[in-house]
Amino acid sequence: MKEDEKARGSCVSASLTKLRKSLVGILIGSMGLFIVLGHVLSEYLELGSFADLLDHLVQPSLLFCHIMDFLSIPASILIGYFYQKQKHVTANLEQIVEQRTRGLRESESRLASIIAASPDAITVTDLDGNIIECNQATLDMHGFPSKEEVIGRNALELIAEKDHQRAIENMRKTLDQGPVRNLEYSCLTKDGHEFPAELSASVVRDALGNPAYFMAITKNISERKWMEADLAHERDLLHALMDNMPDAIYFKDFNSRFTRVNRRVAEWFGLSDPKDAVGKTDFDFYTQELASKFYADEQGIIQSGQPVIAKEEPESHFGAKWVSSTKVPIRDREGRVTGIVGISRDITDFKRMREKLREYSEHLEETVQERTRELRETQERLLKAERLAAIGETAAMVGHDLRNPLQAMSNLLYLGKKMIKEIPSRCRKIVVQTGIEELFVNAAKQIEYMNKIVSDLQDYARPFKPEFVPTSLQELINETLSALAIPQTVKVSIVAPKDFPNIPVDRSMTMRLFTNLLTNALQAMPDGGQLTIRLEQTESSTIISIEDTGIGIPKENLDKIFQPLFTTKSKGAGFGLPVCKRIVETHNGSITVESKVGRGSTFTVSIPLTREVSQTA
Amino acid sequence: MDDDKVILKSLKDILRSKGYIVDTAETGREAIKKSEAQFYNMALLDIKLQDMEGTELLSKMHKETPRMMKIMITGHASLENAVKSLNLGADAYIMKPVDPEQLLEVVDEKLKEQEEAERMTEEKVTEWIENRVRKLEQEHYKE
């Protein structure tokens with residue numbers, strides 16, 4: 001609107017001016033004419049006639065004046081004309097200038113709008129850095145409410161102090177070398193807050209090419225910085241994942257070429273840098289066979305979009321190394337599969353252990369059964385032992401209680417025998433005929449037997465208190481033999497190394513041991529035979545063996561003979577061997593028997609050299 | 001001495017048949033009382049009694065009547081017991097069950113010993129008296 005008015009106004013004034021200028025010309029022209037006419041008139045009036053006027057006019061002395069007078073008319077017309085023309089030209093010029101100025105002003109205002117509207121901050125400073133002009137974006141970025149507060153300040157006031165040095169250098173650079181682009185500065189707001197900004201600056205030159213101003217375009221890159229930080233963080237996470245995981249992690253494109261791998265993969269492939277794997281495929285590192293399998297899997301994933309999870313497969317040619325691989329498709333924004341990412345874990349050890357575990361559990365049942373069997377056997381043995389112990393105790397008690405009645409019986413029988421003896425001889429024959437004497441004799445024998453049983457029982461049940469004294473076994477054996485009645489039909493031989501050492505044993509117990517064993521041996525050979533006693537020393541124990549050539553022991557009795565109250569003899573109480581066993585065990589040793597019916601038996605006693613004394617057995 | 005009546009009676013009869021004069025006691029206290037009241041040549045003592053330990057009885061008797069022979073009859077042999085008894089003054093030790101024959105032998109033997117001892121003592125005393133008399137006579141003659 002304003003411009004139109006202005007335009008119209010200028011048109012009108014232009015026209016008026018033109019008119020004015022023409023009028024002035026006409027006036028001046030007219031004035032000249034009037035001057036001449038006036039002059040002529042006055043001459044005419046002076047002369048009275050027109051002829052005189054002409055003569056007057058032509059008179060040479062007055063000719064010049066008259067010519068001049070005459071010339072003044074065209075002169076003033078001409079002058080008027082040219083003046084008018086000039087005025088016209090000026091008016092045109094003015095119009096042109098007017099037009100040009102208008103155009104310029106238009107372009108200036110357009111430029112100003114552009115600058116004002118720019119989203120980036122545009123700041124113009126003089127060569128010292130003082131701000132001459134800036135746009136709204138500058139105000140907004142630095143937090144100033146109006147231009148007045150900015151213009152006049154030095155640009156350095158808007159830059160953090162730490163960057164001042166750099167800014168100054170860059171200004172110099174811009175001057176010397178040319179525009180600088182995308183420099184990062186830490187800029188300040190009005191409140192003094194710092195924010196990151198990117199700045200490009202250049203020099204504005206005047207018409208002569210001399211630097212006049214600096215122009216800078218600044219962008220607030222805070223957001224970009226945050227995004228960069230986020231990105232860096234994501235990168236760090238990925239880095240951490242890739243390089244710190246013990247598993248092999250790899251990215252492949254849709255041709256199964258590696259695009260990125262972690263260090264573990266490089267290790268597996270024998271590469272020094274993970275980057276060396278990029279662009280290669282499995283076919284470069286594995287045998288044809290293995291690589292084909294991997295390739296097939298991956299292509300399958302890419303085609304179907306279905307991942308392969310925790311697949312166990314061999315990774316080396318002879319199956320010496322196994323891995324568990326999980327491969328999943330990578331999709332782009334449109335959901336198309338562009339490649340895969342895989343993680344493979346070395347499970348060789350795990351697999352081995354799993355195998356072992358499987359083996360072990362398979363055998364576990366067997367083992368359990370065996371153990372149960374063993375346990376049951378032990379239980380049985382324990383029960384047996386307990387039962388025997390209970391029986392033993394009871395028997396001992398019974399035996400103890402039997403003592404007195406047996407004693408009484410003994411005494412009474414003795415008296416009875418005596419009474420019979422004192423019967424007067426004439427009645428004696430009758431008495432003897434009844435057989436009463438024999439009866440008493442037999443009864444007495446039975447009582448003796450009973451006493452023996454009770455004694456043996458007492459013996460067996462009694463707690464042992466052994467006294468270990470180094471003893472010559474040969475001596476003991478000889479003593480024992482001398483106490484026994486050895487029939488002529490039995491040949492006795494003792495086989496022992498010359499310097500057989502003295503063994504720490506309980507003397508009376510060992511004597512009893514020998515007595516029992518030798519008695520048994522003799523009893524086994526009622527018709528005679530060979531009795532061999534052997535003494536031996538090994539590294540760890542002393543071995544005494546007593547061998548006879550008697551009737552032998554049937555196989556089914558072999559494990560019973562050491563049990564109390566077991567006897568095959570009519571006159572035995574069944575304690576001989578159990579007592580031997582107890583004695584041997586008190587010495588921490590063991591007693592075993594070998595026998596063949598009809599051939600003979602060998603009893604072997606083994607006593608360890610270093611013994612832990614069992615005080616009670 | 002024994003706490004079993006039947007044994008007591010039968011043993012008494014056995015010893016009597018041999019001509020010994022026998023008294024019996026069923027408890028330790030009774031035994032002590034009887035031995036104090038009258039002189040006995042020998043006592044057969046059971047080591048396990050109702051009212052006191054045989055060894056206790058033994059030591060008591062030995063104090064009161066040291067000259068009486070004491071034979072211990074015991075159910076279980078142990079060297080310890082034997083030594084203890086002998087130290088306390090027992091003169092013999094027999095294992096149960098007692099064979100009557102064996103017992104009679106031991107009794108006989110021990111009584112003979114006693115007699116010997118008595119005789120020895122008697123002889124000694126006589127000798128001593130004779131010596132004294134001789135000495136006295138000598139002294140008298142000197143004067």
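In which sense do strand 12 and strand 14 of chain A pair, and over how many bridges? Keep that in mind as you look around this predicted model.

Stop 1: Select strand 12 (490–495) of chain A and strand 14 (residues 529–537) of chain A. They pair in the parallel sense, over six bridges. To see one bridge for yourself, click A:Val490: its partner in strand 14 of chain A is A:Gly529. As background, strands of a sheet pair through backbone hydrogen bonds, in either a parallel or an antiparallel way.

**Stop 2: the whole sheet.** You will have an open sheet of five strands in the order 12-14-15-17-16, with mixed pairing. Strand 12 and strand 16 (590–596) of chain A are the edge strands, each pairing on one side only. From one strand to the next, the twist averages 10 degrees.

**Stop 3: helices on the sheet.** Select helix 12 (residues 473–483) of chain A, which lies across strand 12, strand 14 and strand 15 (541–548) and runs at about 170 degrees to strand 12.

**Stop 4: where the chains meet.** Finally, show both chains. Here 14 residues of chain A are in contact with 15 residues of chain B. On the chain A side, helix 9 (348–421) and helix 11 (436–461) each give two or more residues, and helix 9 provides the largest share, 11 residues. Color this side by residue type and you will find five nonpolar, six polar and three charged residues.

Notes
Residues numbered from 1 in each chain as written. Chains lettered and ligands numbered in written order. Predicted model: local features only at pLDDT ≥ 70, side-chain atom pairs only at ≥ 80, totals over all residues. Contact = placed C-beta atoms within 7 Å. Helix = DSSP H or I, 4+ residues; strand = E, 2+ residues; numbered from the N terminus. Nonpolar A, V, L, I, M, F, W, Y, C, P; charged D, E, K, R; others polar. Pairing = 2+ DSSP bridges. Axes fitted to C-alpha atoms, helices over the stretch in contact; angles between N-to-C directions.
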